[in-house]
Amino acid sequence: MVRRLLRLPDFRSVRAKLSIASIVCILVPAVLTMLIYNSLTKEAVEQQATTNATDAMKQVNGSVENLLQGMLNLLNYIQVNSDMQAFFKQVVSGRQADQYDQFMAMNRIIQQLEALTYIGEKSYISIILTNGATFTNYPKDEFDPKAFLDEPWFNHLKDLAGLESYWVESSPTVFYERYESPYQISVARTLRLDSSKIYGYAIVTMMENKVSRIFDGLKGGRDVMIVDGEGRIISSPNRERINEPFSYSRQVLENVPRTSSEIVKDGNRKILLTTSSLAFNDWHLVTTQPYQDAIVNISSIFNRVFVFQVVSFCVFLLLLLMLMRTFTKPLIHLGKVASSVQRGNLEVRSGVRGGDEIGRLGFLFDQMLDRIKEMLAEVSRTQARKRKAELAMLQAQINPHFLFNVLNSIRMKVMRSGDQDSAKMIASLSKLLRMTISREEDAITLLEEIELLSHYVELMNLRQKEEVKLLVDVDASAFQIKVPRFILQPLVENALIHGLSQNAGWIRVATDRKSDPRFLVLVVEDNGSGMDAEAARKLMSRLSDSLYDTDSGQERNAGLSGIGVTNVAERMRIMFGDRFRMTVSGEPGEGTKVRMHIAIREEERPHV
């Protein structure tokens with residue numbers, strides 16, 4: 001027992017080789033990865049995180065300030081536009097001017113206000129004069145600008161001096177865009193006479209979602225918002241948080257630098273808080289981000305470790321594949337040999353030898369192929385002898401009554417007249433007998449078969465009262481194709497007796513190789529009485545039976561060969577195999593057509 005346990009495994013075994021290779025290629029990368037991972041240190045995490053957050057904040061701050069600056073630019077335009085100022089002062093003073101001039105001036109002012117709508121983001125401009133007159137760039141039935149007079153912030157406008165502006169925090173939207181943006185942000189200024197007396201107010205309103213849309217471009221789990229001087233949220237992608245107090249408002253309001261970042265604790269979490277003051281008011285742009293998401297340096301280290309893991313894994317995987325390829329190469333070769341044998345190549349041998357399982361398998365596989373080849377050769381010899389006997393038996397079925405009838409017809413013809421027709425009839429009979437009785441080959445060319453058929457039709461025309469024309473439309477490239485003897489004569493004989501009923505007509509023999517050059521379609525058709533659907537169905541049923549018994553004598557007749565249509569199909573199937581097909585079609589009064597689909601051997605195909 002002890003000796004058995006201490007016995008070393010057989011390293012020639014494929015299983016042992018694959019097991020050892022797998023263990024080595026899996027354990028070695030894992031050990032090296034752990035060693036390298038422990039050697040790497042974490043550094044500059046907080047500095048890199050705050051730097052990235054500050055850079056991102058500066059970009060967002062610039063976009064937000066540009067948007068707010070656009071609102072101030074609209075107010076500046078209204079205050080410095082002399083045409084507008086003159087018109088507004090005239091309206092407030094109550095001086096009556098020419099009605100036409102006043103109408104034209106009012107239209108000009110309205111057009112200028114409407115033109116301001118398309119500068120930058122869409123804004124709503126409201127001009128409210130102290131005498132109650134209002135001018136807007138939007139329909140007044142959408143919102144009455146006088147409603148601004150009732151807002152609590154409106155009284156603060158009187159305290160403004162010069163070009164000072166008053167920024168109104170987010171308030172519920174009063175325009176039709178309330179469905180897209182529930183909140184709006186406004187900025188207002190006073191319009192003053194030269195004496196500094198207020199004669200009107202200019203208010204520019206923009207939808208809050210124009211601002212929060214800028215925040216959508218930030219990634220990395222950052223939450224961006226605008227916080228006012230009292231610590232309330234003015235703008236945020238999360239609309240439910242607007243006008244709510246900001247959680248870290250104390251840290252925001254205490255930050256003196258314009259842009260700064262710090263790490264604050266929220267329970268067990270660390271939050272990277274970045275603030276930036278806006279230039280136009282006491283508002284602050286704020287971003288919060290989980291500290292773990294902001295640690296890019298440590299992520300870089302992790303990425304380097306991961307890349308090394310991937311590279312090392314790929315290297316050792318390639319090593320494993322090389323070893324597997326070496327060990328399994330004989331198996332792959334055996335598989336290819338088996339596939340070749342499956343396709344019919346019994347000459348191939350694996351040549352795999354060795355002391356392991358695969359070597360023994362290759363040796364036994366080659367022995368099996370040798371035995372199979374011997375058995376198939378014996379079966380092929382037996383089948384060849386059987387088929388040769390069947391062909392000899394089928395082709396030997398010549399009906400002597402036909403010869404007697406033809407000789408009797410010749411005798412009667414000679415006794416009556418002694419003209420050239422008798423000599424022609426005797427010559428045709430001589431040729432026909434010479435081609436059918438003296439030949440020992442199992443197959444003849446299609447050209448010889450057609451010559452035999454032409455002599456047969458000549459003899460039949462001499463026997464019957466009315467002449468039948470034989471039309472041959474055969475491609476010259478098909479003449480040398482080998483076919484069994486007497487494959488056309490039985491079909492023509494059926495056409496003469498059953499189709500034409502020994503009356504005048506034509507019988508056509510043609511070929512078709514256009515659809516597929518690998519096949520020859522041989523067609524025999526007549527213009528006789530045809531057949532109904534039931535007769536065609538019964539004949540096709542007999543033709544589809546490849547086990548037709550040629551000894552039953554079901555189709556023997558008093559013709560030349562005594563071979564029927566089904567007999568022809570069986571002989572063709574014996575010579576050309578299961579790829580041979582034979583179809584019969586016809587309509588009553590329209591003749592009958594027989595089509596034989598013959599697979600052409602490679603050596604008989606025409607070469608271009």
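In this predicted model, strand 1, spanning residues 124–129, is joined to strand 2 by 3 bridges, and the two run antiparallel. Within this pairing, Ile128 stands opposite Thr134 of strand 2. Strands of a sheet pair through backbone hydrogen bonds, in either a parallel or an antiparallel manner.

The pair belongs to an open sheet of 5 strands, arranged in the order 2-1-5-4-3 with antiparallel pairing. Strand 2 (134–136) and strand 3 (166–172) stand at the edges of this sheet; each has a single partner strand, so one side of each is left without a neighbour in the sheet. From one strand to the next, the twist averages 20°.

Attention may now turn to helix 4. This helix comprises 12 residues, 82–93, and reaches 16 Å from its first C-alpha to its last, close to the 16 Å expected at 1.5 Å a residue. Its buried residues are Met84, Gln85, Phe87, Phe88 and Val91. These residues cover an arc of only 165° around the axis, which puts them on the same side of helix 4.

Both ends of helix 4 can be described. After the helix comes Gly94, which has a positive phi, near 80°.

Finally, the UniProt record, an unreviewed entry, lists residues 20–40 and 305–324 under "transmembrane region". In the model, the chain over residues 305–324 is 100% helix and 0% strand, and the C-alpha atoms at its ends are 28 Å apart.

Methods:
Residues are numbered from 1 along each chain as its sequence is written. This is a predicted model: local features need pLDDT of at least 70, side-chain atom pairs count only at pLDDT 80 or more; totals for chains, interfaces and linings use all residues. Side-chain values use heavy atoms; hydrogens and water are left out. Helices (H or I, at least four residues) and strands (E, at least two) are DSSP runs, numbered from the N terminus. The expected span of a helix is 1.5 Å times one less than its number of residues. Buried means under 20% relative accessible area, exposed over 50%, partly exposed in between (1.4 Å probe, protein chains only). The arc is that of the directions from the helix axis to the C-beta atoms. UniProt positions are given in the numbering used here, feature names are shortened, and annotations may be inferred rather than shown by experiment. Two strands pair if DSSP finds at least two bridges between them. Axes are lines fitted to C-alpha atoms, for helices over the stretch in contact, and angles run from 0 to 180 degrees between N-to-C directions.
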